[in-house]
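Trainee: I have the structure open and some questions ready. Shall we start with the side chains and then turn to the pocket?

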Amino acid sequence: MNIRRARVEDAEQIAKVHEQTWIETYQPIIEQDDLQQITSFEYRKIMWETALQTNHHVFVLETLYEEIVGFIAGGKVRTDYLEVEGEIYNIYVSPDYQGGGYGKELLRAFVEECETIGYQSLLVWILTDNPNGEFYVRLGARPMEAENVTIGKGTYEETAYGWYDLQMLKQLLESSHSKS
């Protein structure tokens, strides 16, 4: 497995992972009618092509055969009322590769990017009912804020989990990496 900076030509594979994993993750949480109103694969592909032309803070996880099976994207925090500098916009690993430590490796690459940019704190918004939130808690993230978000026609609660000290997160990721 390899983690590298994403390129524009990766947009289609990233969109596939995004769509597959998003549905797999949220199908038990989001009402079926709301799920069906979510953006199409074509929209996601265009969205990723655009993002990759303007945002260089995207890393992909690929197999030895250059198949993308995970990604992380982020940048400057999008909410100015929380005293945090960086934000993870998306992090997804295909279901067949979950549980192998790849999410931590993607996060480690992104944390290193955040250090380069000069960020010292980080957050991620996830649906409160998402059982994958434990991933962040095990890495020292703390709930910071909750708010409602509209998906389709439904309203769902989202929670921001964050780290006010990226060095602490980096140390946790390093220690978990040395154990694997």
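Trainee: How does Glu49 count by relative accessibility, buried or partly exposed?

Mentor: This is a predicted model, so each value is computed from it. Buried means under 20% relative accessible area. Glu49 has 28% relative accessibility, so the residue counts as partly exposed.

Trainee: Which residue forms a salt bridge with Lys45?

Mentor: Look along helix α3. Lys45 itself is partly exposed, at 21% relative accessibility. The closest N and O atoms of the pair are 3.8 Å apart, and the partner is Glu49.

Trainee: What separates Lys16 and Glu12 along helix α1?

Mentor: These two form a salt bridge, with the closest N and O atoms 3.8 Å apart. Lys16 is partly exposed at 44% relative accessibility, and Glu12 is partly exposed at 37%. They lie four residues apart in α1, so the separation is about one helical turn.

Trainee: Is Arg108 buried or exposed?

Mentor: Arg108 meets Glu105 in a salt bridge, at 2.7 Å from N to O. The two are three residues apart in helix α4. Glu105 is partly exposed, with a relative accessible area of 22%. Arg108 has 12% relative accessibility, under the 20% cut-off, so this residue is buried.

Trainee: Which residues are linked in a network of salt bridges?

Mentor: Side chains of opposite charge can pair when their charged atoms come close. Here salt bridges link one Arg, one Asp and one Glu into a network. The members are Arg4, Asp10 and Glu62.

Trainee: Now the pocket. Which element gives the largest share of the lining of the largest pocket?

Mentor: The largest pocket has a volume of about 1200 Å³. Its lining has 48 residues, and those closest to the centre are Tyr26, Tyr89, Asn90, Ile91 and Tyr92. Elements that give two or more residues include α1 (11-26), α3 (41-54) and β4 (86-93). The largest share, seven residues, comes from β4.

Trainee: How many residues of that lining are charged?

Mentor: Sort the lining by residue class. There are 24 nonpolar residues and 16 polar ones. The charged residues number eight.

Note on methods:
Residues are numbered from 1 along each chain as its sequence is written. This is a predicted model: local features need pLDDT of at least 70, side-chain atom pairs count only at pLDDT 80 or more; totals for chains, interfaces and linings use all residues. Side-chain values use heavy atoms; hydrogens and water are left out. On a 1 Å grid over the protein atoms alone, a cavity is a set of points where a 1.4 Å probe fits but cannot get out, and a pocket is an open set with protein on both sides within 12 Å along at least five of seven lines; lining residues have an atom within 4 Å of a point. Grid points are joined across faces, edges and corners, and a volume is the space filled by probe spheres set on the points. Ala, Val, Leu, Ile, Met, Phe, Trp, Tyr, Cys and Pro count as nonpolar, Asp, Glu, Lys and Arg as charged, and the others, Gly among them, as polar. A salt bridge is a side-chain nitrogen of Lys or Arg within 4 Å of a carboxyl oxygen of Asp or Glu. Buried means under 20% relative accessible area, exposed over 50%, partly exposed in between (1.4 Å probe, protein chains only).
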